[in-house]
Amino acid sequence: MLRPALAIATLAAASAAAAEPFTFIALGDAPYGKPAEVYAPYEALIAQINTRAPRLVIHIGDTKSGGTPWSDDALDQHLTFMNSFTAPTLYPPADNEWTDCHREAAGKFDPIERLAFLRTTYFGDGTKSFGETKLDLLSQSAAGYPENARVLQGDVMFITAHVVGSNNNFEIRDKAAVEEFFARNEANIAWLSESFAAAADANAVVIGIQANMFEFDWNEFGDETWLRHSGFQAFGNALIEAAAAYDKPVLLIYGDSHVYRVARPFPTKAPNVLALEVPGDAEMHAVEVTVDTTTSGVFSTFLVKNDALTE
């Protein structure tokens, strides 16, 4: 048994190690366009990210544009890209990967079939991250949602949730789409609640989703007007409630509308939430986030411009 003084010293050392600053990279909505035109600069961006040696990478989805087919071959290629990041990589799927595949320009696929194929091909049992270096993950695979994952890094809990653009697939397109939305939405909210509970002893939380849920003036936020569509309301309200109860720094990362910006979307109801939208599409860059839980701000961001696009 450790003597009291030794036990205190050991715990203090463990706490200091957990609180050491680190960086991770966030990106998304890339690569967009014809493979012959965008794969090379995307590979260059991955190489550039690898040289920065982040602790973790989060690709928040839309690994293709909505106007390119999501064939099995394309899925295989983008899985190769995902695993070419040196750091462990997290990835919540997005609308371009499955929700919007019914569109003619995307190949007129069955979205539910593409989603099932994506889960099987990419996520398996949901116990491992992407990237050359794999992390062990906890996931919601037992409920059928292996893409919903979480992992503790230092004293920060990282969480992914499957919330996508195109109104979160709450589209009155057919019965299957609506049923899929309600089931996944319920699972997402349960996962959010469970994950915040698991983060009780962590000093910060990072959440990665794909959808831009917001509708507001970025110069003047308002808690009452932030929800954009009904497909986001239940999850958004659950996020506000969970984050407010957590009462420690929360970083929400998303993409969807391709504009790099950082702000606090819930200044009254959950002022501890910082929102980061990553760039994308023609702005195929990434964002480096420095995490230091010993500082008041905890999260600071730096735009990593793709050298292949700025030469």
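Predicted model: local features only at pLDDT ≥ 70, side-chain atom pairs only at ≥ 80, totals over all residues.
Okay, the overview. The protein chain has 311 residues, and 53% of them count as buried. Its secondary structure comes to eight helices and 12 strands. If you take contacts between residues at least 6 apart in sequence, 70% of them join residues at least 24 apart.

Let's go inside. The largest nonpolar core has 30 residues. Which of those touch the most other members? They are Phe196, Val205, Ile207, Ile209, Met213 and Leu252. Several elements give two or more residues to this core: strands S6 (156-160), S7 (204-208), S8 (250-254) and S10 (273-277), plus helices H6 (175-198) and H7 (230-246). H7 gives the most, with eight residues.

Click on Ile207 for a moment. Leaving out residues up to four places away in sequence, Ile207 touches Ile159, Leu192, Phe196, Leu239, Val250, Leu251, Leu252 and Ile253. Apart from this core lies another one, of 25 residues, and its members include Phe22, Phe24, Leu90 and Val289.

Five of the five residues of S6 are buried, so the strand is largely enclosed by the rest of the structure. Val156, Phe158 and Thr160 point one way, Met157 and Ile159 point the other way, and all are buried.

So who are the partners of S6? Strand S5 (residues 145-153) pairs with S6 in the antiparallel sense, over four bridges. As one example, Val151 has Phe158 in S6 as its bridge partner. S5 and S6 form a hairpin with two residues between them, and Gly154 in the turn has a positive phi of about 60°. S6 is also joined to S7, by five bridges, and those two run parallel. There, Val156 has Ala204 in S7 as its bridge partner. If you're new to this, strands of a sheet pair through backbone hydrogen bonds, either parallel or antiparallel.

Next, another sheet. This one is open, with five strands in the order S3-S2-S1-S11-S12 and mixed pairing. The edge strands are S3 and S12 (299-304), and each pairs on one side only. Look at S11 (residues 286-291): it pairs with S1 (residues 22-27) in the antiparallel sense over five bridges. Thr23 has Thr290 in S11 as its bridge partner. Six bridges join S11 to S12, and these strands run antiparallel too. Here Val287 stands opposite Leu303 in S12. Is S11 enclosed or open to the outside? Five of the six residues of S11 are buried, so S11 is largely enclosed by the rest of the structure.

On to a helix, H3, residues 72-82. Its buried residues are Ala74, Leu75, His78, Leu79, Phe81 and Met82. They cover an arc of only 155° around the axis, which puts them on the same side of H3.

Thr121 is partly exposed, with a relative accessible area of 27%. Leaving aside neighbours within four places in sequence, Thr121 is in contact with Asp76 and Leu79. Thr121 and Leu79 are 42 residues apart in sequence, but 8.5 Å apart in space, C-alpha to C-alpha. The Thr121 side chain also reaches the backbone oxygen of Phe117, at 2.8 Å.

Last stop, Glu277. You'll find Glu277 in strand S10. Is Glu277 buried or exposed? Glu277 has 0% relative accessibility, and buried means under 20%, so Glu277 counts as buried. Which side chains does the Glu277 side chain meet in polar contacts? Another, of 2.7 Å, joins Glu277 to Arg261.

Note on methods
Residues numbered from 1 in each chain as written. Heavy atoms only, no water. Core = buried A, V, L, I, M, F, W, Y, C linked by side-chain atoms within 4.5 Å. Buried < 20%, exposed > 50% of the residue type's maximum accessible area, 1.4 Å probe, protein only. Contact = heavy atoms within 4.5 Å. Arc of directions from axis to C-beta. Polar contact = N/O pair within 3.5 Å; in protein donor to acceptor, adjacent residues only side chain to side chain. Pairing = 2+ DSSP bridges.
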